[in-house]
Amino acid sequence: MPNPKDDLKERLARYRQIKLSVIGRKSGKTISIPVWFVLESDKLYLLPVKGSDTQWYKNVLKNPSIRIDARGVEAEFRGKPVTDAKAVNSVIEKFREKYGAEDVKKYYSKLDVAVLVDVD
């Protein structure tokens with residue numbers, strides 16, 4: 001029986017962008033947005049573009065349920081906020097390696113938090 005999470009991980013290894021769905025903390029509605037990510041073994045790192053001011057990040061604080069869609073293969077996970085400065089810096093470095101320091105600087109205006117998702 002194929003495991004959708006294995007399919008998802010296989011796609012995550014190939015793509016640069018995923019669709020992230022979270023539950024709106026006020027509306028209760030599902031909100032979907034395209035995001036960049038870094039996958040390392042069973043850990044998926046997300047970096048909110050406006051840091052702790054990012055709406056989807058605030059939603060995850062209230063409801064950690066996150067749905068990840070890599071071009072049609074979806075699975076649901078729990079997002080864990082990362083607020084420790086050293087841990088956040090480590091995620092920023094991973095993003096710089098994958099997407100280039102210039103683009104990270106261009107698109108990310110505040111770098112004070114990250115989100116970790118266990119995709120095993």
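What radius of gyration does the protein chain have, and what would a compact globule with 120 residues have? The protein chain has 14 Å, and a compact globule of that length would have a radius of gyration near 14 Å, so the two agree. Keep in mind as you look around that this is a predicted model.

**The fold at a glance**

You will find 4 helices and 7 strands in the protein chain. Read from the N terminus, the elements run α-β-β-β-β-α-β-β-α-α-β. The C-alpha atoms fill a box of roughly 40 × 35 × 20 Å along the principal axes. Of the 120 residues, 39% are buried. Among contacts with a separation of 6 or more, 68% come from residues 24 or more positions apart.

**Surface and charge**

The accessible surface comes to about 6900 Å², and carbon and sulfur atoms own 49% of that. The chain carries 24 positive and 17 negative charges, whose mean positions are 6 Å apart.

The whole structure holds 5 aromatic pairs. Here are two of them:

| Pair | Centre to centre | Angle between planes | Geometry |
|---|---|---|---|
| W36 and Y107 | 5.5 Å | 80° | edge-to-face |
| W36 and Y108 | 6.1 Å | 45° | tilted |

W36 sits in strand β2 (residues 30-36), while Y107 belongs to helix α4 (residues 101-107), 71 residues apart. Y108 lies in the loop between α4 and β7 (114-118), so its pairing with W36 ties together parts that are 72 residues apart in sequence.

W36 counts as buried because its relative accessibility is 15%. Y108 is buried too, whereas Y107 is partly exposed at 46%. Together with F95 and Y99, the residues W36, Y107 and Y108 form one aromatic cluster.

Methods:
Residues numbered from 1 in each chain as written. Predicted model: local features only at pLDDT ≥ 70, side-chain atom pairs only at ≥ 80, totals over all residues. Heavy atoms only, no water. Helix = DSSP H or I, 4+ residues; strand = E, 2+ residues; numbered from the N terminus. Rg over C-alpha atoms; globule rule 2.2 N^0.38 Å. Buried < 20%, exposed > 50% of the residue type's maximum accessible area, 1.4 Å probe, protein only. Contact = heavy atoms within 4.5 Å. Areas by Shrake-Rupley, 256 points an atom, 1.4 Å probe, with all protein chains shown as cover. Lys, Arg positive; Asp, Glu negative; His and termini not counted. Charge placed at Lys NZ, Arg CZ, Asp CG, Glu CD. Phe/Tyr/Trp six-rings, centres within 6.5 Å; stacked < 30°, edge-to-face > 60°.
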